[in-house]
Amino acid sequence: MKLTDVELRRISMPLVAPFRTSFGTETTRDILLVRVITEEAEGWGECVAMTSPRYSSEYVDAAADVLRRFLVPAVMAAGAPAAHSVAGILAPFKGHHMAKAALEMAVLDAELRAEGRSFGRELGAVRERVPCGVSVGIMDSVPELLEAVGGYLAEGYVRIKLKIEPGWDVEPVRAVRERYGDDLLLQVDANTAYTLGDARQLARLDPFDLLLIEQPLDEEDVLGHVELARQIRTPICLDESITSARDAAAAIRLGACQVVNIKPGRVGGYLEARRIHDVCVAHGVPVWCGGMLETGLGRAANVALAAMPGFTLPGDTSASGRYYASDITEPFVLDGGHLEVPTGPGLGLVPVPDRLAEVTTATERLAA
Ligand SMILES: O=C(O)CCC(=O)N[C@@H](C(=O)O)c1ccccc1
């Protein structure tokens, strides 16, 4: 399908509550959306880059710039690129996975809408609904954490993920396990906040039967994770370290991880995410879908991804209301701890025009 126009749109989405991780606190998400217009359909992409380069080297202003100056012109110069060819067209430009993922997602959405195929159908979804976990930020006190966790469990979430960092790890985990019992599916996310020297402290989490500990060490310290895996019993899950199917294969073969968090933005798109899924399934490594506080657009695509067969652990695919009082799409609402996989063409939903207009802070057209 010939691309006739591309729109970059910035939206400002206030969070229902501050979200604190080991690398900072978010109160509002400044999100870049990509809309591609073709002769047959329009498509939407969501860039998950943060405002500052703390989760990874990417940040939203840089994503907008690289899309405007390099990525969009390259894809438009190709005329009518198939979605599966976008990654190859963009390969000469190094890095910028989140920017590339947003553009590929928009081209894929347009192509699938024109063909009348859903994201789930394209990715190989085998479930009509997916079980949902929730990510709980670092809090000011254990009582406040216990109250937040209780609220999410009351909403029906089937798995709790606690953000941890040095000084906030064993005590909150012990408190949650003691209050909510041994059957609670519980995991932690360190976002690279520890070093191998903290192995003894991390081993103190072993008695709490966690599903996994996510990205304890620096994203580039794959061998450190291999050594840490020898010193703790909790399975190690990698997030920031896995930016491609090649990374996943190497990390698994080295013994650096026993679980993988798949985030399409981090790895360059939903098609690479599918390849990582396939590599992990081939190695018997379970995967789950990570989240980056997406709007309903990214959430729709993530829920479709999470319906693939190897996604055997609940993901961070929360309801829209976990982060936003009012989403830019029809909200995702938890039903019995699950979200329905959209079945319509492409993403299966579009932004609600009035809502999108309310949160839009800038738009620009990059016509052919
Ligand atoms: O539910 C969500 O969308 C957020 C899940 C979550 O905790 N994401 C974390 C992470 O490190 O995985 C994150 C949050 C903000 C920014 C980057 C990453």
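A polar side-chain atom of Tyr-323 is placed 2.6 Å from an oxygen atom of the ligand, within the 3.5 Å limit on pairs of N or O atoms that defines a polar contact. The protein covers 100% of the 430 Å² of accessible area that the ligand has on its own, as computed by the Shrake-Rupley method with a 1.4 Å probe. The model is predicted: local features require pLDDT of at least 70, side-chain atom pairs count only at pLDDT 80 or more, and totals for chains, interfaces and linings use all residues. Residues are numbered from 1 along each chain as its sequence is written, and side-chain values use heavy atoms, with hydrogens and water left out.

Further polar groups face the ligand. A polar side-chain atom of Asp-189 lies 3.3 Å from a ligand oxygen atom, while a polar backbone atom of Gly-291 is 3.0 Å from a ligand nitrogen atom. In total, 17 residues surround the ligand, the closest being Ser-135, Asn-191, Lys-263, Leu-293 and Tyr-323; a residue counts here if one of its heavy atoms lies within 4 Å.

The cysteines form a separate topic. The structure holds 0 disulfides, a disulfide being a pair of cysteine sulfur atoms within 2.5 Å. For Cys-257, the nearest cysteine sulfur belongs to Cys-280 and is 6.9 Å away. Cys-257 has a relative accessible area of 4% and is therefore buried, a term that means under 20% with a 1.4 Å probe and protein chains only. Cys-289 is likewise in no disulfide, the nearest cysteine sulfur being that of Cys-132 at 9.9 Å; Cys-289 is buried, with a relative accessible area of 1%.

Note on methods. A polar contact is a pair of N or O atoms within 3.5 Å; within protein, one must be able to donate a hydrogen and the other to accept it, and residues adjacent in sequence count only if both atoms are side-chain atoms. Buried means under 20% relative accessible area, exposed over 50%, partly exposed in between (1.4 Å probe, protein chains only).
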